[in-house]
Amino acid sequence: MDALQLLIGGVANGCIYGLVALGFVLIYKASEAVNFAQGDMLMFGAFLGIAFINEDRGDLPFLLGLVAASLCLGLIAYALDRFVLRAIFGQPQFAMVVLTIALGFVLRFVAGTIWGYDPVSLETPFAGEILSLGGLTLAVADLLIILATCGLTFVLWLFFGRTRLGVAMQASSQNQMAAYYMGIPVKRVNSIVWGLSGVVSAIAGVLFAAKGAVEPSVGLLFGIKAFAAAVIGGFGSLPGALLGGLLIGVIEQFAARYAPSGYSQIAPYALMLLVLILRPGGLFAQIAQKKV
Amino acid sequence: MRVHFKRSYDEDIRLFEDWRRMAKYAVLLAIMIALPALVSGYFLGEVTLVLIYCIAGMGLMVLAGHTGQISLGHAAFMAIGAFSNLWFMDQGMPFLIALPLSAIFTGVVGAIVALPILRLSGIYLAIATLALSIIVEDIAIIAEPYTGGVVGVFAPPIEFFGTMVDRYGTPNLFYWMCLALVVLVTLGYANLLRSATGRSFLAVRDSEVSARALGVNVTRTKALAFGLSCGVTGIAGALYAHFVQVVNYESFLVLLSINLLLLVVIGGLGSIHGAFFGAIVVGLLPQGLSILRDFLQGTVGLDISAYPGLDTMVFAVIIIGMVIYEPLGLYGFYMKVKTQWQLFPLARRDMFRRSKSYLKTERLR
Amino acid sequence: MSLLSVTDLAIHFGGVKAVDGVSFDVQAGEVFTIVGPNGAGKSTIFNLISRFYQPTHGKIVFDGEDITATPAHHIAELGIARTFQNIELFDHSTVLQNLLVGAHTKRKATWVEDVLHLPRTRSNEREARRAVEEIIDFLDLAAYRDKMIAGLPYGVRKVVEIARALACEPRLILLDEPASGLSVEETNDMAFWIEDMKKDLGLTVLMVEHDMSLVSAVSDRVLAVVEGKPLALGTSAEVQSDPRVIEAYLGTAA
């Protein structure tokens with residue numbers, strides 16, 4: 001029973017990791033850039049959610065606030081790509097790494113200046129509510145997070161497989177040049193992907209804030225764990241990212257309970273390093289050798 | 001523009017192209033040696049820190065700039081250098097033996113860690129090293145017998161044949177010691193770049209397949225670059241430990257790793273000069289900001305200390321500007337200005353224009 | 001005697017048989033050319049000889065030594081150098097530095113000596129430079145010696161790549177489409193250089209090429225490969241008039 005309880009808590013945490021990892025993978029799939037500011041985007045989304053929903057601030061209903069926060073962050077992310085990242089279009093991956101790290105710093109500063117550096121949490125209609133099921137006590141927040149994640153993943157899956165824009169994104173990720181020749185506006189597609197990734201991180205951020213307190217520096221470590229999730233999943237694969245997130249979440253919970261203190265924090269990273277060493281392309285690898 | 005006519009192959013092998021260049025560096029070195037007589041003790045301390053950053057920057061430059069492997073975890077190797085140095089000294093070894101030992105130890109650890117990690121390339125390597133940097137924080141607490149756990153380790157005084165070298169007691173001696181190490185590391189680095197080993201690093205950076213076809217053992221080369229890089233970074237870590245006098249698990253956070261990478265980017269990837277330029281920016285930025293703060297408060301009455309974290313923000317904005325407008329860093333900028341000066345007034349506007357292209361996939365390496 | 005002998009070589013990627021049972025012998029001192037339509041597995045054969053790929057079965061023997069299991073970075077040392085179809089130079093280095101990397105296998109100093117710049121490093125540098133300068137003379141590259149690769153025209157890069165391969169002092173040189181993308185004049189120059197490599201440097205040349213004028217001008221023997229299988233072997237004229245080869249190229253039933 002105890003293990004099952006831990007498992008569900010871990011899965012809920014893992015869902016948030018998975019959502020942030022989805023954000024990574026979205027951007028990576030479209031432009032082969034890794035967004036090191038993804039964790040900070042989650043933080044920003046969480047603060048936006050708090051600003052819209054909490055009673056002493058925007059006082060909007062939860063769902064409305066969630067939509068508003070996602071739209072806001074989506075727009076911000078779109079603008080970031082349109083006005084900052086597009087300036088280095090075509091430069092090597094390395095430039096993008098450095099640029100997004102710096103953008104993360106900026107987001108952190110902006111959030112700290114607007115909302116302060118003290119931890120705040122989100123007021124939700126389901127805060128502290130508990131569902132008893134047999135011997136299990138489940139937080140409603142956890143269940144909602146799991147449900148929301150499943151829903152969002154399904155929508156994204158439909159989007160990539162079924163819509164014109166989704167297919168265009170896939171194409172431009174495979175070969176920007178060829179996609180451009182086929183009439184896909186690669187740069188605009190990139191910006192839209194960033195917007196989409198912003199929306200996903202805002203949702204993840206709001207869900208995160210529903211579970212615990214948020215402060216501006218929370219993004220960095222969270223982002224790195226979400227990285228670990230994306231890497232374990234193989235970076236190119238959406239379900240892989242989600243699965244990687246779940247794995248990280250569950251392992252973290254179990255390590256916190258059973259591993260000696262000090263070792264438990266290492267567990268997610270150790271898992272990632274292990275996966276990288278044993279299967280350099282992640283569990284769902286799409287590795288190929290360069291042709292010469 | 002001066003044209004130098006070469007008469008023997010040795011002129012290309014020499015460190016300095018001609019006597020003018022050698023004289024320039026000699027003057028620079030003389031000024032650096034005389035610095036304690038020229039500036040205040042406080043400023044000297046800041047310059048000492050810059051020198052330590054220079055060593056760390058050169059360590060990372062070998063790897064990121066010349067071998068093309070991104071590491072986001074070099075603070076971890078600074079930590080290993082610092083703790084191992086203090087541990088060796090704690091065993092009764094003099095600093096002169098403990099420092100090279102800790103450099104070798106860090107280098108060997110680096111090379112061993114590198115072997116599995118370096119099978120990864122590009123972004124995966126960056127993430128793996130980032131994870132390494134995070135883990136080190138926890139490991140520093142777990143490995144209490146060697147690292148002092150949460151409390152940390154105090155740096156014992158350094159003794160050279162009866163002379164005490166201490167950051168506060170004898171700041172001049174400590175400064176000269178750091179300067180000497182900077183000169184040594186720079187010489188070694190310059191030697192490396194003019195040799196077959198250095199060229200094999202460049203080869204691995206630019207094209208692994210053709211490096212392999214030309215007989216370069218790519219795996220070994222990467223591990224060597226990683227080991228050398230970590231060894232040098234370890235020296236910086238050891239000096240840093242003596243500079244701040246006490247180190248614990250919080251001395252080498254992820255943020256330091258990131259700062260080191262940003263340092264080499266600001267300075268200019270792929271040049272020794274870049275490491276120095278970057279170290280000056282990273283080391284002196286807090287000072288510059290505090291001067292700016294006093295200035296703003298004195299003149300317009302704006303109190304920017306009300307915005308905590310402003311220094312990282314400014315740093316970030318500098319980086320963003322740099323990546324967008326000057327991808328070759330400060331050194332690239334310096335070269336441009338220099339070329340324009342030499343050609344004056346014949347420089348053309350488009351001379352340094354970059355060609356824009358669509359991204360080549362880096363998934364297939 | 002044959003310098004390189006390939007026996008029943010095959011490699012399968014998943015279900016695709018990229019090379020399927022190819023055998024040939026390259027005699028010392030000849031120019032041997034492999035021709036075939038796109039996707040016939042010509043470059044794959046090169047990559048197998050360079051040991052970038054592990055063959056599914058078959059054997060590669062160079063100068064009496066079985067190299068089927070030799071690591072890729074030992075191949076240059078044995079005396080096989082190569083160029084690439086899409087030019088793989090070190091873009092951010094000068095022509096001179098590129099050629100010096102070509103001389104990598106000749107170095108004797110260890111990395112420790114390099115860092116300290118001990119006498120052996122210095123003599124390495126001098127020797128490498130002397131050897132490289134001869135190649136620069138041979139291929140007329142003096143004008144480009146200190147230029148960055150990134151700014152050079154395509155035709156020059158092609159030559160630099162050959163120069164870099166020559167800097168390995170190989171006995172066998174593999175040229176992967178040396179004339180692709182070159183103008184008619186440049187292709188003529190290439191033909192002269194290949195002749196010179198054979199006559200003056202005593203090299204054996206194994207070449208993949210589409211330009212039939214170059215192939216007929218320089219090749220001693222030609223092997224036609226189609227869909228990973230050898231089709232015809234003989235002089236250039238024999239192979240070009242072989243009805244099976246014509247069919248493979250034109251796709252018409254003979």
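How many residues does helix H1 of chain A have, and how far does it reach from its first C-alpha to its last? Helix H1 (residues 2–31) of chain A has 30 residues and reaches 43 Å, close to the 44 Å expected at 1.5 Å a residue. The expected span is 1.5 Å times one less than the number of residues in the helix. Helices (H or I, at least four residues) and strands (E, at least two) are DSSP runs, numbered from the N terminus.

The model is predicted: local features need pLDDT of at least 70, side-chain atom pairs count only at pLDDT 80 or more, and totals for chains, interfaces and linings use all residues. Residues are numbered from 1 along each chain as its sequence is written, while chains are lettered from A and ligands numbered from 1 in the order in which they are written.

H1(A) is mostly covered, with 24 of its 30 residues buried. A residue is buried if 20 or more other C-beta atoms lie within 10 Å of its own, exposed if 12 or fewer, and partly exposed in between, with C-beta atoms placed from the backbone. Just after H1(A), A:Glu32 takes a positive phi of about 55 degrees.

Further along chain A there is a hairpin. Its strands, E1 (residues 130–133) and E2 (residues 136–139), pair in the antiparallel sense over four bridges; two strands pair if DSSP finds at least two bridges between them. A:Ile130 stands opposite A:Ala139 in E2(A). Two residues lie between the strands, and A:Gly134 in this hairpin takes a positive phi near 60 degrees.

Next come the contacts between chains. Two residues are in contact if their C-beta atoms, placed from the backbone, lie within 7 Å. By this rule, 42 residues of chain B are in contact with 44 residues of chain A. On the chain B side, helix H6 (122–142), helix H12 (254–267) and helix H14 (310–325) each supply at least two residues. The largest share, 13 residues, comes from H6(B). This side divides into 31 nonpolar, five polar and six charged residues. Here Ala, Val, Leu, Ile, Met, Phe, Trp, Tyr, Cys and Pro count as nonpolar, Asp, Glu, Lys and Arg as charged, and the others, Gly among them, as polar.

Chain B also touches chain C, and this contact takes 26 residues from chain B and 32 residues from chain C. H9(B) gives the largest share of the chain B side, eight residues. That side has 12 nonpolar, 11 polar and three charged residues.

Chain C is divided into domain 1 (2–79 + 170–250) and domain 2 (94–163), with bounds from an automatic or database domain assignment. Their centres, taken over C-alpha atoms, are separated by 27 Å. Eight residues of domain 1 of chain C are in contact with six residues of domain 2 of chain C.

C:Thr83 is found in the loop between strand E6 (80–82) and helix H3 (95–102) of chain C. Why does C:Thr83 count as buried? C:Thr83 counts as buried because it has 27 C-beta neighbours inside 10 Å.
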